[in-house]
Amino acid sequence: LTQVANRRIFDEFLTREWRRGQREKHSLALILCDIDCFKLYNDNLGHQSGDFCLRKVAQAITKTVKRPADLVARYGGEEFAVILPRTSSQNALKVAETIRLRIKHLALPHPESLVSNYVSLSLGVTSIVPQVKYTKKQLLETADKALYQAKKQGRDRSILKMIK
């Protein structure tokens, strides 16, 4: 549907890049993106419009994430994930903000949104140099907590959270 990697490919890629990051001691960044109020979008505009929206968002994220080493994947229903090898936390946050603004500039109408008249994204960002004392699960949980914080703070924003 979205022409981006699926969850299985995401999981395999993350495992591979985690190991590479451990070996080469380079950072690995993760961005989780969630379309704000997507259930309301689907409920009010229909599933065909929802599919169109998902495709447009996936295309916009893919256009933003340009390096061949990066991966854009559909993570869940209206969630996307971006894996950025060799990317610092600050650079990952810049990529997330660029994605968020690109979605905003698509100006896809979302009349029932609680956030805006247009489709918007909330994004959770994290980055770490993989080490034995950390896990991929911690990376995912930290990005998810950042995403939750973005939603809690009003949505349509990017939040960076570091693994503790």
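In the predicted model, Lys94 and His105 are exposed on one side of helix H4. The opposite side holds the buried residues of H4, namely Ser89, Ala92, Ala96, Ile99, Arg100 and Ile103. Viewed down the helix axis, these buried residues fall within an arc of 95 degrees and therefore line one face of H4. An α-helix has 3.6 residues a turn, so residues three or four places apart point the same way. The buried residues of H4 pack against strands S1 (28-35), S3 (79-85), S4 (121-128) and S5 (158-160), and against helix H3 (47-64). H4 itself comprises 18 residues (89-106) and spans 26 Å from its first C-alpha to its last, close to the 26 Å expected at 1.5 Å a residue. Just after H4, Ala107 adopts a positive phi of about 55 degrees.

A search of the whole structure for aromatic pairs returned two. Phe10 and Tyr75 form an edge-to-face pair, with 5.2 Å centre to centre and 80 degrees between the planes. Phe10 belongs to helix H1 (residues 7-24) and Tyr75 to the loop between strands S2 (71-74) and S3, so the pair ties together parts that are 65 residues apart in sequence. Phe10 is buried, at a relative accessible area of 0%; Tyr75 is also buried, at 15%. Phe38 and Tyr41 form a stacked pair, with a centre-to-centre distance of 5.8 Å and 10 degrees between the planes. Both residues lie in helix H2 (residues 38-45), three residues apart, about one turn of the helix. Phe38 and Tyr41 are both buried.

Technical notes
Residues are numbered from 1 along each chain as its sequence is written. This is a predicted model: local features need pLDDT of at least 70, side-chain atom pairs count only at pLDDT 80 or more; totals for chains, interfaces and linings use all residues. Side-chain values use heavy atoms; hydrogens and water are left out. Helices (H or I, at least four residues) and strands (E, at least two) are DSSP runs, numbered from the N terminus. The expected span of a helix is 1.5 Å times one less than its number of residues. Buried means under 20% relative accessible area, exposed over 50%, partly exposed in between (1.4 Å probe, protein chains only). The arc is that of the directions from the helix axis to the C-beta atoms. Contact means heavy atoms within 4.5 Å. Rings of Phe, Tyr and Trp (its six-membered ring) pair if their centres lie within 6.5 Å; planes under 30 degrees apart count as stacked, over 60 as edge-to-face and the rest as tilted.
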